[in-house]
Amino acid sequence: LDQVGVIRLAADAAYQSGAVDRSVSLFDQALADLPAEGDSVRRALVIERRALALRDSGRETEAITELERALTLLAPGEVTRAHAVVLASLAGALLRTSGQDVAAGDAAERAVAAARATGAAEVEADALISLGLAQGYLRTADVDTDAIRSGLALALAHNVPVTALRGYVNLSDVLELWGRHAEAAEVAREGLLLADRLGMVRALGAYLIGNLAEPLLRLGRWAEVDRLLAQALSTVPEGIFAASVLQLRAERAAMSGRYADAEADLRTARAAMAGTTDMQFLLPLGYVTATAALGRGDLAAARAAVAGCLPDEPFVWGARYSWPLLWLGIRIEADEAVRARDRRVAVPEQSAARHQMLAAGAAGLPATTPPARGYRALFEAEQSRFLGHDDPRLWSAAVTAWEAAQEPYPLAYTWLRRAESESAAGDWQAATRSVRQADAVAGRIGADPITAEVEALARRARLDLRSGGLDGLSPGAQARTAAPPVPGHTAAGEHTAGAPAAGEPADELARFGLTDREREVLLLLADGRSNPEIAQALFISPKTASVHVSNILAKLGVGGRVEAAAVVHRLGITG
């Protein structure tokens with residue numbers, strides 16, 4: 001070995017151990033030490049290795065440029081092993097770049113052909129894995145994992161463990177894309193065993209931990225997720241490896257209502273992926289950022305997070321990562337429209353314009369996988385809510401979709417929304433069944449914000465959440481019956497409290513012209529009290545309480561006490 005060869009080995013070792021920045025600097029040194037007029041094939045292969053490190057440090061565009069430069073160093077019109085190597089890496093880099101799905105598939109097919117023509121089985125394995133990944137995201141029917149599995153088997157047979165790890169990463173990812181959570185977790189576990197043996201837990205092993213944590217997160221197995229992510233972060237991963245783990249931990253925190261924890265991890269993740277253009281990381285980061293902001297009750301920040309990362313053009317990862325953002329986007333605008341109607345004012349023009357933009361995006365986006373179909377069903381139900389036609393049938397369709405996708409968190413949210421819609425329509429039996437389903441699913445996984453919202457709905461609509469106890473409420477609801485709503489956003493995305501926005505009256509009830517006594521009656525009504533209970537609490541007759549309730553309904557412009565209670569809840573009126 002000469003000095004360049006030794007430096008390249010050191011750079012590869014740094015990359016495989018997760019020291020990505022150190023790897024790039026070592027490859028820079030190797031390129032600087034190569035003679036300017038030396039072996040062009042050797043230079044191309046060093047550039048190829050450096051491009052992989054650039055890609056995993058978040059510099060995807062630069063990596064593609066370098067790989068295209070490496071191809072120009074190789075003899076045109078020939079098919080060599082070096083062509084296969086560079087084309088395989090180019091396919092992998094293009095898969096991470098917006099609008100490059102067709103180019104990625106083409107590069108992967110050319111790489112497979114070149115590898116087979118030159119007998120480079122280990123390169124063929126890598127190319128097959130890239131080709132299978134592209135096919136997994138571009139298919140419109142059920143997933144076909146044959147190419148990835150063939151590449152993985154070839155890598156294992158020829159003892160190319162790093163390529164095998166990439167096969168485990170991509171196979172588990174494609175299985176998760178199609179909602180096959182248990183299979184995805186099993187493949188990721190198998191890959192982690194190999195990563196551990198190789199000492200690569202900080203690098204590709206971090207991806208595998210993420211690919212194991214994600215299906216477990218979707219399945220509601222959150223205690224396992226916590227242990228896995230703590231294990232991954234204890235190895236102090238760098239760059240994209242660290243960001244992918246932090247983003248999942250932030251999502252886990254937001255789902256359980258720990259918004260400050262989520263935002264702390266999001267800040268660290270953004271710093272770790274500074275400069276990246278990889279949509280598979282940017283879009284989930286935007287989704288979790290919006291989710292945490294929505295949880296805190298900051299509609300403006302949630303809206304900005306969605307608007308800031310929805311792609312302008314289709315890309316290979318498109319539907320998987322765009323559907324959750326489109327759903328959050330329309331949910332935010334539906335919340336805005338409902339609040340406007342509660343206040344008896346027009347829906348803001350900007351909200352209507354955003355609705356049109358989101359609707360156009362959803363209309364052109366395929367929904368071929370079970371999770372994508374779930375988000376599309378949620379989008380349609382939220383859109384109906386935006387338009388003022390909250391339809392229980394649309395929420396029922398979304399329930400069916402999420403039951404098929406086997407994801408309890410969005411299922412719990414959907415059952416809650418269905419219960420709200422059914423109670424507003426006066427179908428108390430259906431609403432009771434739905435709210436109990438929401439309570440059971442949210443309670444099983446520990447989705448505390450949804451559980452709190454379930455209990456609030458049961459109180460104000462007088463739904464029998466469980467038999468026995470205080471008005472049939474759960475023990476947790478009984479303990480919190482006298483407590484005011486928590487400031488911020490509810491699990492259903494409704495504003496519950498917090499400082500009024502600029503230009504809004506500090507007293508939300510002022511706009512309705514209620515007397516002081518009517519205010520007292522309204523707050524008790526919103527807590528689910530009957531007219532006799534209101535009368536007893538205020539030391540007035542039941543008839544007087546009934547008169548007050550009638551006047552309140554007229555002033556709020558609502559058709560019944562449940563709708564009046566919902567207005568109080570959505571506007572965050574606590575006293």
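Me: At what angle do helix α25 and helix α26 pack?
Reply: Helix α25 (residues 516-526) and helix α26 (residues 531-538) pack at about 130 degrees, and their axes are 10 Å apart. Helices are DSSP runs of H or I, at least four residues, numbered from the N terminus. Axes are lines fitted to C-alpha atoms over the stretch in contact, with angles from 0 to 180 degrees between N-to-C directions.

Me: What does that make α25 relative to α26?
Reply: Oblique, because of that angle. Angles under 35 degrees count as roughly parallel, over 145 as roughly antiparallel, 65 to 115 as roughly perpendicular and the rest as oblique.

Me: Which residues make the contact?
Reply: On α25 they are R517, E520, V521, L524 and L525, and on α26 they are I534, A537 and L538. Contact means heavy atoms within 4.5 Å.

Me: Where does this model come from?
Reply: The model is predicted, so local features need pLDDT of at least 70 and side-chain atom pairs pLDDT 80 or more, while totals for chains, interfaces and linings use all residues. Residues are numbered from 1 along each chain as its sequence is written, and side-chain values use heavy atoms, without hydrogens or water.

Me: Switching to α6 and helix α7. How do their axes cross?
Reply: The axes of α6 and α7 (residues 121-138) come within 8 Å and cross at roughly 150 degrees. The two helices are therefore roughly antiparallel to each other.

Me: Which residues meet there, in α6 and in α7?
Reply: From α6, the residues are D101, G105, A108, E109, A111, V112, A115 and R116. They meet V123, E124, A127, L128, S130, L131, A134 and L138 of α7.

Me: And A114, where does that lie?
Reply: A114 is in helix α6, which covers residues 101-118.

Me: Is A114 buried or exposed?
Reply: A114 is buried, at a relative accessible area of 6%. Buried means under 20% relative accessible area, exposed over 50%, partly exposed in between, using a 1.4 Å probe and protein chains only.

Me: What is A114 in contact with, leaving aside neighbours within four places in sequence?
Reply: V79, T80 and A84. A114 also lies 9.5 Å from E78, C-alpha to C-alpha, with the two 36 residues apart in sequence.

Me: Now E48. Where is its place?
Reply: E48 is in helix α3, residues 40-56.

Me: Is E48 buried or exposed?
Reply: E48 is buried, with a relative accessible area of 3%.

Me: Which residues is E48 in contact with, past its neighbours within four places in sequence?
Reply: E48 is in contact with L67, V85, V86 and S89.
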